[in-house]
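Today I am opening a structure that is new to me, and I will jot down what I look up as I go. Come along and keep the view open beside these notes.

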Amino acid sequence: MLSITIFQLFFALIAFVFWLNALLKFFRRERSQTFFKFFANSVVWLGIMLFSIFPSQVHLFSEKLGFGESLNTFIFIGFVIVFMIIFKIINMIERTERNISEIVRKEALSEIKNQ
Amino acid sequence: MSTNTSKIYIVIPAFNEDSVICDVIKEIRASKYNNIIIIDDGSFDQTYENAKKENGVIALKHFLNRGKGAAAKTGIEAAKMLDADVVITIDGDGQHNPDDIARMLKLIDDGFDVVLGSRLKNPKGMPIWKIAANHFGNFCTWAIYGLWVTDSQSGFRAYSKKAISLIDTKTDRYEYDSEVIREIYRNKLKFTETPIEVRYTQYSMSKVHKMNLQNGFKTLIKMMISS
């Protein structure tokens, strides 16, 4: 019988909501969701969801992956978090680049408006 | 041709093309298209000044270099403001032949929303490595954006009024050309491809900012991660 604590359920639900959001964005073909982003989101959020519900499988998973010790699994998770942070930074840079282009465009088009 | 020629706009994104831009404008005019919008994408040379000297040309300038895609989008926005019925985008280095425009317009008149000029439908004179790179680009565009075309990186395209009102691109550089393909797919626009002549001159091949292997990989990565 699988026993789940309220914290496990909470984390699993949070992860599921984030993954569902990514899935909907992908199927709606929203511009902010490319295949790569959806894939990365699925790996991260589904991973968190599964490990929240089946924490004992983490050790088994790390053994299967060849990590052996659970400490290495934490290091692996650390890498995932760093990856997510990089992902966020890329998004921020993209937004900034887009804003710069919009400002440059507005300025260029003002010549037509002024005519 | 039923489209009112006074509402056909030719959009030319240009970056450091001062030595050829006047010839490109004259060649387009010789083909009887007079609504020409030049977008100087932050050139260091006299591209903007030379374009402005040509009578009747609408010359706009990006005060910063933002990329071919950003410049094309500015041109299309300008054409929308001028109530264009059809917009043709054409490269600023003179590699495209304006004589092909008439065939594109005919297809727009036939009811297509977008006409893509395809170099691979007429690869005469095209270097082998460019043909191979194009096939790879087409495959990546299909894998990422879901629509197969024979030349996903061509800048010579025609858009109907419906297409320019629906297509909404976000990317700025060479990935723009592929993003348009995604927009065609996303908005279910009716499109076709037509063979175009491309003149590979020493000038056009020597430009350092043109698509090369390094830029190709950068474009691919951006296509994968950018929104």
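I started with Pro13(B) and found its bridge partner in E2(B), which is Ile39(B). The model is predicted, so I note that local features need pLDDT of at least 70, side-chain atom pairs count only at pLDDT 80 or more, and totals for chains, interfaces and linings use all residues. Residues are numbered from 1 along each chain as its sequence is written, while chains are lettered from A and ligands numbered from 1 in the order in which they are written.

Next I looked at the strands around that bridge. Strand E1 (residues 8-14) of chain B runs parallel to E2(B), joined by five bridges. My labels follow DSSP runs, numbered from the N terminus: helices are H or I with at least four residues, strands are E with at least two. Strands pair if DSSP finds at least two bridges between them. On its way, the chain forms a right-handed β-α-β unit from E1(B), helix H1 (residues 21-30) of chain B and E2(B). Right-handed means that, with the strands pointing away from the viewer, the path from the first strand over the helix to the second runs clockwise.

I then followed E2(B) to strand E3 (residues 58-62) of chain B, and this pair is also parallel, with five bridges. Here Asp40(B) stands opposite Lys61(B). The crossover from E2(B) to E3(B) passes through helix H2 (residues 47-53) of chain B and is right-handed.

How many of the six residues of E2(B) are buried? I counted six of six in this strand, residues 36-41. Buried means 20 or more other C-beta atoms, placed from the backbone, within 10 Å of the residue's own. Ile36(B), Ile38(B) and Asp40(B) point one way, and Ile37(B), Ile39(B) and Asp41(B) the other. In a regular strand the side chains alternate between the two faces of the sheet.

Last, I turned to chain A, which has four helices and zero strands. Of its 115 residues, 11% count as buried. Where it meets chain B, 19 residues of chain A are in contact with 22 residues of chain B. Helix H2 (35-53) and helix H4 (70-114) of chain A each supply at least two residues to that side, and H4(A) gives the most, with 13 residues.

Definitions and conventions: Contact = placed C-beta atoms within 7 Å. Buried ≥ 20, exposed ≤ 12 C-beta atoms within 10 Å, placed from the backbone.
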